[in-house]
Amino acid sequence: PNITWLGPIENSKLPEYYNRTRLFIHTSPLDYHPRVIDEAQACGLPVMVFKGRIKSDILPETCGIQLSKQRYSKQISNLLNDHSRLQKMGQNARQHALIHAGPEACMKALETMLIRFESRKTDV
């Protein structure tokens, strides 16, 4: 109840939709690290996914909920009715996205790769 399925939305309009809602539910059973989870978290939304697909490094329990197929309705309702938890999860989600998917997220790995590349170059 009370869900409106919007269908496909242009990428440029996604932030507007993310910012008009209180949480994001990713229902796909096939994705293991969908970009939409990072996008929703970057907009400060707690994310809900079904158990067994998304690992905790992508969605820590402080940023969202791994839904049970038997209890998902109750889990969603409980979070929506707990405003302080919902707000805290949204803040955590935003921080997680900035650290793990933001513009600086790959800098450490790139720096390590470049150092290794440079050391091999001088060995030749």
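Me: Which residues in α4 do Leu 79, Leu 80 and Asn 81 in α3 meet?
Reply: This is a predicted model, in which local features need pLDDT of at least 70 and side-chain atom pairs pLDDT 80 or more, whereas totals for chains, interfaces and linings use all residues. Residues are numbered from 1 along each chain as its sequence is written, and side-chain values use heavy atoms, without hydrogens and water. Across the contact (heavy atoms within 4.5 Å) between these helices (DSSP runs of H or I, at least four residues, numbered from the N terminus), the partners in α4 are His 83, Arg 85, Leu 86 and Met 89.

Me: How is α3 oriented relative to α4, roughly parallel or roughly perpendicular?
Reply: Helix α3 spans residues 72–81 and helix α4 residues 83–101. Their axes lie 5 Å apart, at an angle of about 95°. Therefore α3 is, relative to α4, roughly perpendicular (65 to 115 degrees).

Me: Which helix gives the largest share of the lining of the largest pocket?
Reply: The largest pocket (an open set of 1 Å grid points with protein on both sides within 12 Å along at least five of seven lines) holds about 1400 Å³ of space. Among its 31 lining residues (an atom within 4 Å of a point), Ile 3, Thr 4, Trp 5, Leu 23 and Ile 25 are the closest to its centre. The largest share of the lining, five residues, comes from α3.

Me: What is the volume of the largest cavity?
Reply: The search of the whole structure finds one cavity (points where a 1.4 Å probe fits but cannot get out) of 30 Å³ or more. Lining the largest cavity are His 26, Thr 27, Ser 28, Pro 29, Val 49, Phe 50, Arg 53 and Ile 54. Its volume, the space filled by probe spheres set on the points, is about 40 Å³.

Definitions and conventions: Axes are lines fitted to C-alpha atoms, for helices over the stretch in contact, and angles run from 0 to 180 degrees between N-to-C directions. Helices (H or I, at least four residues) and strands (E, at least two) are DSSP runs, numbered from the N terminus. Angles under 35 degrees count as roughly parallel, over 145 as roughly antiparallel, 65 to 115 as roughly perpendicular and the rest as oblique.
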